[in-house]
Amino acid sequence: MPNLLVKPNGTQGRVTHVTPESAGWTYVGFDMHRVKAGDRISALTGDREVCLVWISGKSATTVDEKPIGVLGERMSPFEGAPHALYVPAGSEWQVKALTDLELAVCSAPSGGDHKTKLIPPGTHPQFIRGKGANVRHVTNIMPEDDNSAHSLLVVEVITPSGNTSSYPSHKHDQDDLPNESLLEETYYHRLNPPQGFAFQRVYTDDRSLDEAMAVEDGDVTLVPKGYHPCATIHGYDLYYLNVMAGPKRVWKFHNAPEHEWLLKA
C-alpha cells in the first residue's frame, strides 16, 4: 500500500500530485498549486470532473476560453469561506494569479451532463459539528444533496486547538447502502500558526491497516479504507480540505462501535 502521508514537493508550482494510480485506488485525485502573482495554471479535465478550490489568493479564471471572472477572496484558509468552481469533463480551465495563489484541484471520474458551476462563499453556510472538545466548523463546498456532480464530494473543516475531528471514529469503505457507502478520501492539512502539527490515525477493525501520522502544514493524508480521526494540539488550529468519491455519490458512514457511546454523552 502507498505511503498514506504525502509531503509537499517544494514550495512553488504543483507541490502535491495525487492520482488514483499513485494512491493505489480508483476514484480520487488531488493537486495543490502554489504560484506567484502573474503566473498561470491550466489543465484539461479529460474524462474527469474537477472542483477548483481557492485556498488563498485571487485569480482571473476562464473555462473553455470563456471568462468566469476574478475568483478568490481570502488570503488564508482560516479567513472565511472559499470560492470554488466545478468544471465538467471535456473542458479546459485556466487561471492567472492576481496575488500569490494556492489552488486545490479536486478530481474524480465523470458521468452525466453536469455544467460548469461557480460556488461562491456562502453557498453552503458554515455549521458546527460536535460538542465540547470535539467541536469543529464545517463548510460544505460540494455536498451530496446539491446534485451538481457525478462523483465528487468536497468539504472544508476547521478544528480549534486542542480538539478532535472526524471523531468519534467513523469509516466509509463498504459499498453497502443504505448502511454504508464506499468513499476514498484525501485530507489536505493546514495549521495556524503554520509551524504547528496535528495527528491523524487511519486504521481498520482488524488492524491490518493501522497508521498514525504527525501531519504538518501542507501535508496530504490518504484514507483508502478504515477509520480516520484527527487530533489537534494546544495553540494550533487545524484546517483540512476533504475530497471524497466512490461508486455512488453518497456519504453514509459507520461509527466505530466502541466509541459510539460518545455521541450520547
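Is S166 buried or exposed? S166 is buried, with a relative accessible area of 5%, where buried stands for under 20% relative accessible area, exposed for over 50% and partly exposed for what lies in between, with a 1.4 Å probe and protein chains only. The structure is a predicted model, in which local features need pLDDT of at least 70 and side-chain atom pairs count only at pLDDT 80 or more, while totals for chains, interfaces and linings use all residues. Residues are numbered from 1 along each chain as its sequence is written, and side-chain values use heavy atoms, with hydrogens and water left out.

**Sheet and strands**

- An open sheet is formed by 6 strands in the order β2-β3-β10-β5-β8-β11, with antiparallel pairing; strands (E, at least two residues) and helices (H or I, at least four) are DSSP runs numbered from the N terminus, and two strands pair if DSSP finds at least two bridges between them.
- The edge strands, each of which pairs on one side only, are β2 (13-18) and β11 (117-119).
- Neighbouring strands of this sheet are turned against each other by 15° on average, direction ignored, with axes taken as lines fitted to C-alpha atoms (for helices over the stretch in contact) and angles running from 0 to 180 degrees between N-to-C directions.
- Strand β5 (residues 48-56) and strand β8 (residues 84-87) run antiparallel and are joined by 4 bridges; V53 has A84 in β8 as its bridge partner.

**Surroundings of H228**

- H228 sits in the loop between β22 (220-223) and β23 (230-232), and with 0% relative accessibility it counts as buried.
- The side chain of H228 makes a polar contact of 3.2 Å with the side chain of E185, a polar contact being a pair of N or O atoms within 3.5 Å of which, within protein, one must be able to donate a hydrogen and the other to accept it, while residues adjacent in sequence count only if both atoms are side-chain atoms.
- A polar atom of the H228 side chain also lies 2.9 Å from the backbone oxygen of G226.
- Apart from its neighbours within four places in sequence, H228 is in contact (heavy atoms within 4.5 Å) with residues including S166, H170, E185, Y187 and V223.

**The loop between β15 and β16**

- S166 lies in the loop between β15 and β16, and S166 has a positive phi of about 50° although it is not a glycine.
- S169 lies in the loop between β15 (164-165) and β16 (170-171), and at 1% relative accessibility S169 counts as buried.
- The side chains of S169 and Y203 make a polar contact of 2.9 Å, and Y203 is listed among the contacts of S169 beyond four places in sequence, together with Y227, P229, H254, N255, A256 and H259.
- S169 and H150 are 19 residues apart along the chain, and their C-alpha atoms are separated by 27 Å.

**Aromatic pairs**

- The structure holds 6 aromatic pairs, in which rings of Phe, Tyr and Trp (its six-membered ring) have centres within 6.5 Å, with planes under 30 degrees apart counted as stacked, over 60 as edge-to-face and the rest as tilted.
- The rings of F30 and Y188 have centres 5.7 Å apart and planes at 35°, so this pair is tilted.
- Because F30 lies in strand β3 (residues 29-35) and Y188 in strand β19 (residues 184-192), the pair ties together parts that are 158 residues apart in sequence.
- F30 is buried, with a relative accessible area of 1%, and Y188 counts as buried at 1% relative accessibility.
- F197 and F199 form an edge-to-face pair, at 5.4 Å centre to centre with 90° between the planes; F197 is partly exposed at 32% relative accessible area, and F199 is partly exposed at 41%.

**Cysteines**

- The structure holds 0 disulfides, a disulfide being a pair of cysteine sulfur atoms within 2.5 Å.
- C106 is in no disulfide, and its nearest cysteine sulfur, that of C51, is 5.1 Å away; C106 is buried, with a relative accessible area of 0%.
- The sulfur of C230 is 17 Å from the closest cysteine sulfur, in C106, which is too far for a bond.

**Backbone features**

- Most residues other than glycine have a negative phi, and most peptide bonds are trans.
- A cis peptide bond joins L177 and P178, with omega about 10°, and the peptide bond from N192 to P193 is cis, with omega near -5°.
- N147, which is not a glycine, has a positive phi near 55°, and N147 is exposed, with a relative accessible area of 62%.
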